Amino acid sequence: MNSTEAATYLPGGVGRSSYYVGSRPPRLVRASGYQVQDEHGRWLVDANNNFAVLALGHSNEAVTSAVCDAARDGACFGLPNPWEEQLAEMLVARVEHAEQVQFANSGTEAVMTAVRLARSLTGREKVLGIAGSYHGSSDVALAIKSGADKAAQPDVVTVPLNDVSRLETAFDEHGFDLALVILDLLPNYAGFQPVNDAFLERARQLCDEHGTLLAFDEVISFRLSRDGLQSTKAVSPDITVLGKLIGGGLPIGAVLGSESVMRPTNPLSAAPIEASGTFTGNPISIRAGIACLQQYDEAQISRLNGLGQTLLVELTGQLPPGWSVRGVGSLVRVIQPERSASLPTRHAFWWAAYQRGFVLMPSGLMALSTPMNEEVVGRLAQAVLESAEEAASISREQESPIH
Ligand code: PMP
């Protein structure tokens with residue numbers, strides 16, 4: 001089947017909107033380590049890593065064996081398997097405030113469970129988030145990201161990133177209706193700036209004063225530290241949401257909390273909430289996650305974060321005027337000026353990098369993987385600089401009065 005035929009069956013030619021890059025993206029057929037191969041046989045350096053999932057890169061040996069063993073032993077069962085308990089124990093050992101884990105099949109689903117938990121515990125409906133943050137594609141999450149979901153909008157309150165006075169105003173107005181405050185400690189779509197300590201501390205205080213639960217969405221940021229990015233903060237949440245990394249490349253999500261916070265997900269509790277899913281806890285995802293976390297230890301994480309720092313240093317001050325770069329550990333994001341982002345050329349940067357043999361995320365975010373080394377990162381930095389230059393010159397041409 002060629003690309004034209006595929007478009008007939010997939011809306012817009014893409015199976016998910018997140019990998020839309022202005023025109024139909026190339027298709028990938030296999031991968032190994034830090035590289036992916038497209039359908040034309042060309043190998044590229046993967047700085048996308050399925051939107052930050054694959055911290056160990058592709059086809060990691062132990063993860064692949066775990067997946068194959070799990071598939072051979074039976075892909076899914078209608079009763080629990082022993083590995084669920086094992087992965088839950090590993091996660092609880094890492095996330096300080098947590099005592100129990102409720103698994104899900106994606107970050108989206110885990111956020112939905114966190115919201116449902118908070119609503120059940122508080123008897124309230126509203127959720128507060130940082131305007132523009134992405135917490136998956138549930139109605140509530142999309143209302144936080146852009147207000148796009150009208151149905152969930154009445155249940156959602158948003159405040160700008162790190163704006164303590166707007167946070168205080170929001171609590172003045174809605175505090176006793178708020179079931180949950182959900183924060184991504186490094187919200188990519190809200191600008192990829194960390195939530196600062198003053199905001200976090202005030203959020204914790206206000207939640208405590210109003211009986212609101214506080215959740216950290218570490219679906220992406222968990223890769224930055226063995227015990228989550230929260231382990232570097234003075235503030236602890238009541239609920240942690242995980243996904244991506246903890247399934248080793250297979251679909252997963254998880255909600256973590258103390259036994260009392262998790263109680264509504266316990267079928268023995270007085271008023272249990274629905275926390276199910278045909279594929280929840282399936283042994284393939286769970287065994288892949290165990291194999292991944294067993295390897296992703298402090299030494300690996302700090303080496304990987306160091307590679308991110310190298311990339312950040314190489315890009316800092318070198319990008320075209322109006323462009324910037326931000327990074328925390330193994331996550332580095334190139335931010336285009338608003339002007340070029342609004343032009344049809346906004347994907348020019350992504351394509352310029354692709355043509356040079358590098359796959360980025362459409363947002364300009366890069367997530368490194370442990371098979372990479374300084375040499376690969378050096379090449380990535382060079383390609384990013386050239387691609388930014390090319391994209392900037394295209395947008396300069398489009399803005400020029402001669403055209
Ligand atoms: N939360 C955050 C912070 C995310 O980045 C994402 C996905 N990029 C999600 C939740 C949703 O996860 P999923 O795509 O697995 O549903």
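This is a predicted model: local features need pLDDT of at least 70, side-chain atom pairs count only at pLDDT 80 or more; totals for chains, interfaces and linings use all residues.
The protein is divided into two parts, of which domain 1 is made of residues 3–55 together with 297–399, while domain 2 covers residues 61–295. Taken over C-alpha atoms, the centres of domain 1 and domain 2 are separated by 26 Å, and the contact draws on 24 residues from domain 1 and 17 residues from domain 2. The size of an interface is often given as the accessible area lost when the parts come together. Between domain 1 and domain 2 this buried area is about 1800 Å², and carbon and sulfur atoms give 59% of that area.

One of the sheets is open and has seven strands, which follow one another in the order β4-β10-β9-β8-β7-β5-β6 with mixed pairing. Its edge strands are β4, residues 100–104, and β6, residues 156–159, each of which pairs on one side only. On average, and with direction ignored, neighbouring strands of this sheet are turned by 20° against each other. Within the sheet, strand β9 (residues 239–243) and strand β10 (residues 253–257) pair over five bridges in the antiparallel sense, and Gly243 has Gly253 in β10 as its bridge partner. Helix α6, formed by residues 139–146, lies across β5 (126–130), β6 and β7 (178–183), and the helix runs at about 30° to β6.

A further open sheet is formed by four strands in the order β1-β2-β3-β13, and here too the pairing is mixed. Because β1 (28–32) and β13 (358–359) stand at the edges with a single partner strand each, one side of each is left without a neighbour in the sheet. Strand β2, residues 35–38, and strand β3, residues 43–46, run antiparallel and are joined by three bridges; the bridge partner of Gln37 in β3 is Trp43.

Methods
Residues are numbered from 1 along each chain as its sequence is written. Side-chain values use heavy atoms; hydrogens and water are left out. Two strands pair if DSSP finds at least two bridges between them. Helices (H or I, at least four residues) and strands (E, at least two) are DSSP runs, numbered from the N terminus. Axes are lines fitted to C-alpha atoms, for helices over the stretch in contact, and angles run from 0 to 180 degrees between N-to-C directions. Contact means heavy atoms within 4.5 Å. Domain bounds come from an automatic or database domain assignment. Buried area is the accessible area (1.4 Å probe) that two parts lose on being put together, summed over both.
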